[in-house]
Amino acid sequence: MLKRFPETKVVFGGDGEVEKNKRLAEELGIADRCEFCGWVTGDEREALFEHAAVHCLPSKNEGMPMSVLEAMARGIPTIATSVGGIPQVIRDGVNGYLMPVDDESKLSGLLCTLMGSEDLRLSIGRAGRSTISGRFNVKRNVDAIVQLYKELVD
């Protein structure tokens, strides 16, 4: 993917196998285009989202990852594995992309697809933002809780 898009910088956040992945980037000759941030929070996380063209979460196991919801809320097109609660939020090819766990070829293909089309990135990003604002807004959640209490009382 990086050979096809030589201007691309890949930023890795999280606390997985950071040192192993740094060594791999060196071996592949792409270390100068990779940044390993470790676990990020607060202003650093906000700055990374501000500059992101695509968000990826190729996890093996998740519940409902906040990074997916945050990226989608910002209109950043998201690629994630089809685990945990992620398929409840991402409709594959509509408001993001789903991929099988450990399918590097699929991830590379999806990254190339999104990086190759600004229109597609914007379209998927808008659909993601619409999903989050429609399903995860405070008013909707409060209304659902009120309705639940009404049903319990009745």
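A nonpolar core is a set of buried Ala, Val, Leu, Ile, Met, Phe, Trp, Tyr and Cys residues joined through side-chain atoms within 4.5 Å. In the predicted model described here, the largest such core has 11 residues: Leu-57, Val-68, Leu-69, Met-72, Ala-80, Val-83, Ile-86, Val-89, Ile-90, Leu-98 and Ile-132. Helix α3, which covers residues 66–73, contributes the largest share of this core, with three residues. Another core lies apart from it and has nine residues, among them Tyr-97, Leu-110, Leu-111 and Ile-124.

Ile-86 is one of the residues of the largest core. When its neighbours within four places in sequence are left aside, Ile-86 is in contact with Leu-57, Glu-62, Gly-63, Pro-65, Ala-80, Thr-81 and Leu-98. Of these partners, Leu-57, Ala-80 and Leu-98 are also listed as members of the largest core.

The protein chain as a whole contains six helices and five strands. Read from the N terminus on, its elements follow the order β-α-β-α-β-α-β-β-α-α-α. The C-alpha trace spans about 65 × 30 × 30 Å along its principal axes. The chain has 154 residues, and buried residues make up 32% of them. Among the contacts in the chain with a separation of 6 or more, 49% are accounted for by residues 24 or more positions apart.

A search of the whole structure for aromatic pairs finds one. This pair is formed by Phe-12 and Phe-36, with 4.7 Å from centre to centre and 5° between the planes. The pair is classed as stacked because its planes are under 30 degrees apart. Phe-12 belongs to strand β1 (residues 10–13) and Phe-36 to strand β2 (residues 34–38), so the pair ties together parts that are 24 residues apart in sequence. Phe-12 has a relative accessible area of 36% and is therefore partly exposed.

Ser-130 is located in helix α5, which runs over residues 118–135. Its relative accessible area is 47%, so Ser-130 is partly exposed. The value falls between the limits of 20% for buried and 50% for exposed residues. Ser-130 and Asn-95 are 35 residues apart along the chain, and their C-alpha atoms are separated by 8.5 Å.

The side chains include 19 positive and 23 negative ones. The centres of these two sets of charges lie 5 Å apart.

How values were computed
Residues numbered from 1 in each chain as written. Predicted model: local features only at pLDDT ≥ 70, side-chain atom pairs only at ≥ 80, totals over all residues. Heavy atoms only, no water. Helix = DSSP H or I, 4+ residues; strand = E, 2+ residues; numbered from the N terminus. Buried < 20%, exposed > 50% of the residue type's maximum accessible area, 1.4 Å probe, protein only. Phe/Tyr/Trp six-rings, centres within 6.5 Å; stacked < 30°, edge-to-face > 60°. Contact = heavy atoms within 4.5 Å. Lys, Arg positive; Asp, Glu negative; His and termini not counted. Charge placed at Lys NZ, Arg CZ, Asp CG, Glu CD.
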